[in-house]
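Here is a short report on charged side chains that pair up. Look at the structure first, then read on.

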Protein chains: 2
Amino acid sequence: MPTTWKASYKQFLLNISARSKVVTALREFILFSRLGRTDSHFTDLHDAGRLDIVYECVVACFFLSHGIRKDTVFHAVLNGPPVPPLHVRIDGAILHDVRTDQMTWTQILRKVLAAKPHPGITVDRTSFENLLKTRAEQSSIYILEEGGKDVSSAELNGTSVFILGDHVGLPKKAEMFALRFGEKLSLGRQPYLAASCITILNYLLDRKTFQALSKEKRD
Amino acid sequence: MPTTWKASYKQFLLNISARSKVVTALREFILFSRLGRTDSHFTDLHDAGRLDIVYECVVACFFLSHGIRKDTVFHAVLNGPPVPPLHVRIDGAILHDVRTDQMTWTQILRKVLAAKPHPGITVDRTSFENLLKTRAEQSSIYILEEGGKDVSSAELNGTSVFILGDHVGLPKKAEMFALRFGEKLSLGRQPYLAASCITILNYLLDRKTFQALSKEKRD
């Protein structure tokens, strides 16, 4: 992104909360991890209740080529042994000391699950249900599912919160709870990986943001 | 995807080569890896000339939730020590015994770079230039770059071949060579990771395929 675009994009993000008519790109993703391990006693992310899916989603959420998305927040609610639930929240605006490789994130996840600090990451005991209640007060909630409303006809204005399941999918009870606050959204007929859904949604929201930004410049 | 869609999608892919007016989803990706190691003497993909980027691209190319894309081919041209270039070709139609995790692909890449077989993967000494010449005979070539023609105005009919650089980008010489056979294509103003570009292109081609399929059913 050339510097002029960077500056205007930043200014645009600073302005958006006060300008309801503009399509914005603020975004949050919530991954419901059925078996994600809730302590730091693991050597391998895959064998720690598929924490490798959490890692893949983190990369999809935040990493651009040589940069981190500042406008994105990621939540993983881990429901595996020994002390579920644990809520890991990662804020792109503060996150640093990170790379895209799995070894880096194995160390970071092990560290934060042992209650040690890392810039931009917090861990608490918020359940999926309580997290959703809080987020629904300020944002539109979308539950990703193949059979949902097609993304091309969704507004995605303001702050959007997207809910994803892991490789087993969202438990029925969690889905029914989420549907009290939001609606199902579909990216099409292919059953994408959770991380791919995030990459695609980030892309679609980027397009919307830049279209709105171009319109702002023209008006 | 429900079974009826699966069956009709497969039939559709079998029919497409004979029906030039239909938009198809056949796709190939070529990653130019500047420093990707060309032997099997490594323990960690990141330290092996960023073979972790090759791994990330492979996952983005082939993996759906509980399935592999059969209509996709991935090439990595490795230009690192000790014996460059090496051309790794992965064909989704034959690929099996794979998972999405990094450990699995560390083992597979180490195996094929030691000249041992794996279903769906071949390794030979084709250079980037010779690979491109062969592919350009049958396909449209697109070089991914932020400043290129916007993807929304590209046709992407027939078999599309997309060329990507690693974290350093495509060398100028390789880019100039590729431009003799194709054109620059942009996904927008964000500098996406190579793997993210593949996920986004797969998504856009999926949408095109299903639109064409829906039209076929209507006509």
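## Salt bridges in this model

A salt bridge is a side-chain nitrogen of Lys or Arg within 4 Å of a carboxyl oxygen of Asp or Glu. The model shown here is predicted. By that rule, it holds 26 salt bridges over all chains.

## A pair between two strands of chain A

Glu183(A) and Lys149(A) form a salt bridge, with 3.7 Å from N to O. The two residues are 34 residues apart and link distant parts of the chain. Glu183(A) sits in strand 9 (residues 182-186). Lys149(A) sits in strand 7 (residues 140-150).

## Buried pairs in chain B

Arg27(B) and Asp71(B) also form a salt bridge, their closest N and O atoms being 3.7 Å apart. Arg27(B) lies in strand 1 (residues 27-33) and Asp71(B) in the loop between strand 3 (67-68) and strand 4 (72-78), so the pair ties together parts 44 residues apart in sequence. Arg27(B) counts as buried because its relative accessibility is 1%, under the 20% cut-off. Asp71(B) is buried as well, at 10%.

Strand 1 of chain B also holds Glu28(B). Its side chain meets that of Arg135(B) in a salt bridge of 2.5 Å, N to O. Arg135(B) lies in helix 4 (residues 128-136), so this pair ties together parts 107 residues apart in sequence. Glu28(B) is buried at 7%, and Arg135(B) is buried at 12%.

## A network in chain A

Salt bridges can also join into a network: Arg27(A), Arg69(A), Asp71(A) and Asp206(A) are linked in this way.

Note on methods: Residues numbered from 1 in each chain as written. Chains lettered and ligands numbered in written order. Predicted model: local features only at pLDDT ≥ 70, side-chain atom pairs only at ≥ 80, totals over all residues. Heavy atoms only, no water. Helix = DSSP H or I, 4+ residues; strand = E, 2+ residues; numbered from the N terminus. Buried < 20%, exposed > 50% of the residue type's maximum accessible area, 1.4 Å probe, protein only.
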